[in-house]
Amino acid sequence: MSRQEQKLKTRQNIIHAAFSLLDENRSLSAISLREVAREAGIAPTSFYRHFKDMDELGLTLVDEAGLALRQLMRQARRRIASGGGVIHTSVETFMEFIAANTNVFRLLLREHTGTSSAYRLAVFREIQHFIDELTDYIIEQQGVEYACAQLQADAMVRLVFSAGAEALEADDKLRREIGERVKAQLRFVQLGATQKG
């Protein structure tokens, strides 16, 4: 393995270690550089070869979480293109993501309202990407004006994120119930968006 490949692998190990330390009781601000280094299997001083400080790592984690969400959306679109219903497929894909990536989603939820303005701004930017992509999709699929599509996308993303927050600690049965409820809510939003007011 080349030096560059090893450096990239170590960087990914640090990111993975930080995500693994997050849980329902510990936010990003509650984990230390030493803990991350220990979990990643490196010396604390080696951390600085990859990140300036914990804040830079935190912003990287937000970026990684946003990337995971965008990949999720693309995965849902592929499922929809192969015959799945838009709302059903999107919610099912999202719930699968939460079940498999609780700490990634937990980071976005916590830092969205956290104490760091840099993290809040980064999370807002990632959520806005999600809204923008959904807005474009709604315009393409429903042929509605941008303002209507953007309002619909914003409402839908807020509903899904709220349901995701509930689903984080839920068992499979409750997660399915939350999923069914949010699907109905999204259908109401979609139906309401077709009405001229």
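Entry 1. I looked up the α5–α8 contact first. Ile87, Phe94, Met95 and Ile98 of α5 meet Met156, Val160, Ala163, Gly164 and Ala167 of α8; contact means heavy atoms within 4.5 Å. By class I get eight nonpolar, one polar and no charged residues. Nonpolar covers Ala, Val, Leu, Ile, Met, Phe, Trp, Tyr, Cys and Pro, charged covers Asp, Glu, Lys and Arg, and polar covers the others, Gly among them.

This is a predicted model, in which local features need pLDDT of at least 70, side-chain atom pairs count only at pLDDT 80 or more, and totals for chains, interfaces and linings use all residues. Residues are numbered from 1 along each chain as its sequence is written, and side-chain values use heavy atoms, with hydrogens and water left out.

Entry 2. At what angle do α5 and α8 pack? Helix α5 spans residues 86–100 and helix α8 residues 146–167; the angle is about 40 degrees and the axes are 10 Å apart. Axes are lines fitted to C-alpha atoms, for helices over the stretch in contact, and angles run from 0 to 180 degrees between N-to-C directions. The two helices are therefore oblique. My scale: under 35 degrees is roughly parallel, over 145 roughly antiparallel, 65 to 115 roughly perpendicular, and the rest oblique. α5 passes α8 in a right-handed crossing, meaning the near helix is turned clockwise from the far one by less than a right angle.

Entry 3. Next I took α5 with α6. Helix α6 covers residues 102–112, and its axis lies 5 Å from that of α5 at about 100 degrees. That makes α5 and α6 roughly perpendicular. Phe94, Phe97, Ile98, Ala99 and Ala100 of α5 meet Thr102, Val104 and Phe105 of α6. This contact has seven nonpolar, one polar and no charged residues.

Entry 4. Then α5 with α9. Their axes come within 10 Å and cross at roughly 140 degrees. On the α5 side I noted Ile87, His88, Val91, Glu92, Met95 and Ala99; the α9 side includes Arg175, Glu180, Lys183 and Arg187. The contact divides into seven nonpolar, three polar and five charged residues.

Entry 5. Which residues lie nearest the centre of the largest pocket? They are Met73, Val86, Ser90, Leu134 and Met156, out of 23 lining residues. Elements giving two or more residues to the lining are α4 (54–81), α5, α7 (117–142), α8 and α9 (172–193). I count 16 nonpolar, six polar and one charged residues in the lining. A pocket here is an open set of points on a 1 Å grid over the protein atoms alone, where a 1.4 Å probe fits, with protein on both sides within 12 Å along at least five of seven lines; lining residues have an atom within 4 Å of a point.

Entry 6. Overall, I find nine helices and zero strands. Helices are DSSP runs (H or I, at least four residues), strands likewise (E, at least two), numbered from the N terminus.
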